[in-house]
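Please keep the sequence and the model open while reading.

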Amino acid sequence: MDIRSLKGSIVALVTPFHADGSVNFDKLQELVEWHIENKTDAILALGTTGESSTMTHEEDDAVLRRVIETAAGRVPVIAGTGSNSTQTMLEKSLRAERLGADGLLLITPYYNKGNPDGIYRHFAVVADAVGIPCILYNVPGRTGCAISVENVEKLSRHPNICGIKEASGDMSYAMKIAHCVGPDFALWSGNDDITLPLLSIGGSGVISVWANIMPRACHDMVMDYLEGRREQAAAAAVKYLDLMNGLFLEVNPIPVKTAMNLMGLEAGPFRLPLCEMTEAHTAQLRGLLEEAGLVK
């Protein structure tokens, strides 16, 4: 499926685990079906929220394969294939393409970072080698480095790079790259709390953590804005803002998986170094879920 014209809500899907830490493939399949039923527009597997950093390459492939098989062409599936090793990212990207992914999400090289030219080449090497569209991922709060405005400008002209997930939370940066947005390059919000501001400067939607617990509401909010029902979209954004922020009381995906477990969605435990939320934060999150009518 072509993701170049995609708009709406892309869920940054959690990876559900059994109590022993193994992947719960039955629950994974259930979640994909639930998202499709609730109008999620595309599924991102193996992103930060999917805990791919603690999974083996074999597990990555198995998860992606199950998501693609379950989606069965009903919605696009995007694979997070990033690494701080460009060669590893290239190998993972080629495997994801062979498995049938519709697109790739490529992160900046965390830890070793790279200078501006190295970061440019980190993305270009993969985009040159694969035959499916690539989305850049800018999240300096987690990686320790950002994609410079100049590199966004250059990479946006690459025929196989179709957009950017902008998760810095810096609206000044977003404004500086907004002129790159057009029919061949999309701007995706990587922060649920500023989805509407990014839509206002030409964004296509959100790659969302919040959609894991409220997929229909997330889809509706984005489409209401894009289709001109902006007061309705703004009302939803304000109504659920505290809950969106509550999903970051601790490092993602700890709060969202906790929320899903409280809701009976059975996301399961985490893999170290991620672990359970504090009791105080769990109580705070439960209160937000109660206010939203998601738990009693």
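The count of disulfides, defined as pairs of cysteine sulfur atoms within 2.5 Å, comes to 0. The model is a predicted one: local features need pLDDT of at least 70, side-chain atom pairs count only at pLDDT 80 or more, and totals for chains, interfaces and linings use all residues. Residues are numbered from 1 along each chain as its sequence is written, and side-chain values use heavy atoms, with hydrogens and water left out.

**Cysteines**

- Cys-145 is in no disulfide, and the nearest cysteine sulfur, that of Cys-134, is 17 Å away.
- Cys-145 has a relative accessible area of 9% and is buried; buried means under 20% relative accessible area, exposed over 50%, and partly exposed in between, with a 1.4 Å probe and protein chains only.
- Cys-162 is likewise in no disulfide. Its nearest cysteine sulfur belongs to Cys-134, at 7.3 Å.
- Cys-162 is buried, at 5% relative accessibility.

**Salt bridges**

- A search of the whole structure finds 11 salt bridges, a salt bridge being a side-chain nitrogen of Lys or Arg within 4 Å of a carboxyl oxygen of Asp or Glu.
- One of them joins Glu-266 and Lys-27, whose closest N and O atoms are 3.5 Å apart.
- This pair links distant parts of the chain, 239 residues apart: Lys-27 is in helix 1 (residues 25-37), and Glu-266 is in the loop between helix 12 (254-262) and helix 13 (279-291). Helices (H or I, at least four residues) and strands (E, at least two) are DSSP runs, numbered from the N terminus.
- Lys-27 is buried, with a relative accessible area of 9%, whereas Glu-266 is partly exposed at 49%.
- Lys-27 and Glu-266 also belong to a network of salt bridges that includes Glu-30.
- Asp-117 forms a salt bridge with Arg-121, with the closest N and O atoms 3.3 Å apart.
- Asp-117 and Arg-121 are separated by about one helical turn, because they are 4 residues apart in helix 4 (residues 116-129).
- Asp-117 is partly exposed at 40% relative accessibility, and Arg-121 is exposed with a relative accessible area of 52%.
- Asp-224 forms a salt bridge with Arg-229, where the closest N and O atoms are 2.7 Å apart.
- Asp-224 is buried, with a relative accessible area of 9%, while Arg-229 is partly exposed at 35%.

**Aromatic rings**

- The whole structure holds 1 aromatic pair. Rings of Phe, Tyr and Trp (its six-membered ring) pair if their centres lie within 6.5 Å; planes under 30 degrees apart count as stacked, over 60 as edge-to-face and the rest as tilted.
- The rings of Trp-210 and Tyr-240 have centres 5.6 Å apart and planes at 40 degrees, so this pair is tilted.
- Trp-210 lies in the loop between strand 8 (205-208) and helix 9 (215-226), and Tyr-240 in the loop between helix 10 (230-239) and helix 11 (241-246), 30 residues apart.
- Trp-210 and Tyr-240 are both buried.
- Lys-154 lies over the face of Tyr-120, at 4.4 Å from the ring centre. A charge sits over a ring if NZ of Lys or CZ of Arg is within 6 Å of the ring centre and within 35 degrees of the ring normal.
- Arg-271 lies over the face of Phe-17, at 4.5 Å from the ring centre.

**Helix 9**

- Helix 9 has 12 residues and reaches 17 Å from its first C-alpha to its last, close to the 16 Å expected at 1.5 Å a residue; the expected span is 1.5 Å times one less than the number of residues.
- The buried residues of helix 9 include Cys-218, His-219, Met-221 and Asp-224.
- Those buried residues pack against strand 1 (8-12), helix 1, helix 8 (195-199), strand 8, helix 10 and helix 11, contact meaning heavy atoms within 4.5 Å.

- Thr-70 is in helix 2 (residues 57-71) and is buried at 7% relative accessibility.
- Not counting residues up to four places away in sequence, Thr-70 touches Gln-29, Val-32 and Glu-33.
- Val-75 sits in the loop between helix 2 and strand 3 (77-80) and is buried, with a relative accessible area of 8%.
- Beyond four places away in sequence, the residues that Val-75 touches include Met-1, Ile-36, Thr-40 and Asp-102.
- The C-alpha atoms of Val-75 and Leu-199 are separated by 21 Å, the two residues being 124 apart along the chain.
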